[in-house]
Amino acid sequence: MLGRLTERRSSAFQNLWAAGALDVRPSPTGVSVTTDSSLRLSAFYACVRLISDTISTLPLDQFFRQDGQRVPFRPRDPWVDRPNPNMPRPTFWNQVLVSLLIDGNAFVQIIRDGEGEIFELHVLNPMQVEVLEGGFRINGGEFLPRDQVLHVAEMILPGHRRGVSRVEAGKDAIGLGLALQEFSSRFFGNGAYPGVVLEFPSELTKDQADEVQASWDAKHRGLGRSHRPAILMNGAKANVLSTNPADLQLMEERKFAVIEMARMF
């Protein structure tokens, strides 16, 4: 299967999408969903890491069919144990799986020696590969025929050449998860209070109001300052807009977002 596979430079897991984030429309929540932002969602990241780390470390061997029986191929081809000389075997397959899990496509270019045997395999950045009828266009330039690239797609829609991107297909669920994650951070960053209205008996100028707000934020904003006593002067009153995570069903919504991510994978 892997007798057909990347560009002549290796790319680390962190740099697989270094050329830029996938251009995806904003989700209904208004949160921009890209490859990079999806990986900032803890549940999405955990799913990708769990699957890719587990499968990439499984034993790997080479076989052939003889009289209908599967027989180990010996000696194994060198690329089976070391597909890319610049990285360990688990790292190589981890990149293949990460590409497949996120983009829905994995592209591996085959480098052959003078006798046509596989010499090296390299994982291509899926965002830089355009799938054409007779081959692949790499980063808008180099053309590679189909016998030089292994294309593994998770699910291809009828009439399409590329697999469905999980980020694109699940952008609504990912966007919701990111919005809940950001809301939680802001909620507790504000001391777990949605807001405080400071009421003064006399009218304040804009400069005075800005100074009061800055002073209040400096002393009470943030989880570590959330329970400090407030000292108010000049007849000021603090009116707290009370709510809590239970009222907002915050924890339940975040659990639902995690289940959605697990369902996507």
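Reader: In E7, which residue is the bridge partner of phenylalanine 136?

Author: Strands (E) are DSSP runs of at least two residues, and helices (H or I) are runs of at least four, numbered from the N terminus. Two strands pair if DSSP finds at least two bridges between them. Here, the partner of phenylalanine 136 in E7 is leucine 144. E6 and E7 pair over four bridges, in the antiparallel sense.

Reader: What should I know about the model and its numbering?

Author: This is a predicted model: local features need pLDDT of at least 70, side-chain atom pairs count only at pLDDT 80 or more, and totals for chains, interfaces and linings use all residues. Residues are numbered from 1 along each chain as its sequence is written, and side-chain values use heavy atoms, with hydrogens and water left out.

Reader: What lies between E6 and E7?

Author: Three residues, and the two strands form a hairpin. Asparagine 139 in that turn has a positive phi of about 55 degrees.

Reader: How do E5 and E6 pair?

Author: They are antiparallel, over three bridges, and E6 covers residues 135–138. Valine 129 has isoleucine 138 in E6 as its bridge partner. Glutamate 130 stands opposite arginine 137 in E6. E5 and E6 also form a hairpin, with three residues between them.

Reader: What is the strand order of the sheet?

Author: The order is E5-E6-E7, in an open sheet of three strands with antiparallel pairing. Strands E5 (129–131) and E7 (142–145) are at the edges, each with a single partner strand, so one side of each has no neighbour in the sheet.

Reader: Where do side chains point in a regular strand?

Author: They alternate between the two faces of the sheet.
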